Amino acid sequence: MDRKDFLASIGLSAATFALINCVGCSKNSNSTSGDTSGPTGIDFVLDLTATANASLNNNGGYLSTNGVIIARSMSGTYIAVQRSCTHESYGLIYQGSANRFYCANHGATFSESGTVTNGPASRSLTTYHTQLTGTSLRIYS
Ligand code: FES
């Protein structure tokens, strides 16, 4: 009896089994997909009037979504880089007052343009374009 037959015998489909397996498996807030390169081919829009995106209305604010950190620099410019550290993919944070992205795992830092400013990371972050139209912020490759 293979897994599919077993699941059928107890009244579960493979999809139901997969769903049950995923319940409670959410990772901590610094987990990423394990990808150190960042997503490719992205193109999405954030509504800056939405409560979930309110942090982007203040200089130094940031949020993470779709594998990307979107930040508003201290000078009011929107910047977007991959969320995962290029060292071992730990989730980065933005530190506006220091004009940098920081990895708390081993201490790597990156400039706002994604360049490594402190190791052990050795590869720059993937950066993305941002375009503000009214209150809509587009982030794209
Ligand atoms: S995972 Fe970021 S510095 Fe090691």
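Biologist: What is the average pLDDT of the protein chain?

Modeller: The term pLDDT denotes the predictor's confidence in each residue, from 0 to 100. Where pLDDT is low, the predicted coordinates should not be read in detail. Here the protein chain averages 85, and 77% of the residues score at least 70. Over residues 12–28 the pLDDT is below 50. Beyond near neighbours in sequence, that stretch has seven contacts in the model, a contact being heavy atoms within 4.5 Å.

Biologist: How many helices and strands does the protein chain hold?

Modeller: Helices (H or I, at least four residues) and strands (E, at least two) are DSSP runs, numbered from the N terminus. The protein chain has two helices and ten strands, and its elements run α-α-β-β-β-β-β-β-β-β-β-β from the N terminus on.

Biologist: What is the strand order in the sheet of six strands?

Modeller: Strands of a sheet pair through backbone hydrogen bonds, either parallel or antiparallel. The criterion used is that DSSP finds at least two bridges between the two strands. The sheet of six strands is open, with the order β1-β10-β9-β4-β3-β2 and antiparallel pairing. At its edges are β1 (43–47) and β2 (62–65), each of which pairs on one side only. Neighbouring strands are turned by 25° against each other on average, direction ignored; axes are lines fitted to C-alpha atoms, for helices over the stretch in contact, and angles run from 0 to 180 degrees between N-to-C directions.

Biologist: Which residues of β1 form its covered face?

Modeller: In a regular strand the side chains alternate between the two faces of the sheet. In β1, F44 and L46 form the covered face, whereas D43, V45 and D47 form the uncovered one.

Biologist: Why is one side of β5 and of β8 left without a neighbour in the sheet?

Modeller: These strands belong to an open sheet of four strands, ordered β5-β6-β7-β8 with antiparallel pairing. β5 (93–95) and β8 (116–118) stand at the edges with a single partner strand each, so one side of each has no neighbour in the sheet. The twist averages 35° from one strand to the next. Within this sheet, two bridges join β7 (residues 109–111) to β8, and T109 stands opposite N118 in β8.

Biologist: How many aromatic pairs does a search of the whole structure find?

Modeller: A pair of aromatic rings is described by the distance of the centres and the angle of the planes. Rings of Phe, Tyr and Trp (its six-membered ring) pair if their centres lie within 6.5 Å; planes under 30 degrees apart count as stacked, over 60 as edge-to-face and the rest as tilted. The search finds two pairs. Y62 and Y94 have ring centres 6.2 Å apart and planes at 75°, so this pair is edge-to-face. The pair links distant parts of the chain, with Y62 in β2 and Y94 in β5, 32 residues apart. The rings of Y94 and F101 have centres 5.1 Å apart and planes at 50°, so this pair is tilted. Y62, Y94 and F101 form one aromatic cluster. Y62 is partly exposed at 29% relative accessibility, Y94 is buried at 4%, and F101 is buried at 0%.

Biologist: How many disulfides does the structure hold?

Modeller: A disulfide is a covalent bond between the sulfur atoms of two cysteines. The cut-off is a pair of cysteine sulfur atoms within 2.5 Å, and the structure holds zero disulfides. C85 is buried at 2% relative accessible area, and C103 is also buried, at 2%.

Note on methods
Residues numbered from 1 in each chain as written. Predicted model: local features only at pLDDT ≥ 70, side-chain atom pairs only at ≥ 80, totals over all residues. Heavy atoms only, no water. Buried < 20%, exposed > 50% of the residue type's maximum accessible area, 1.4 Å probe, protein only.
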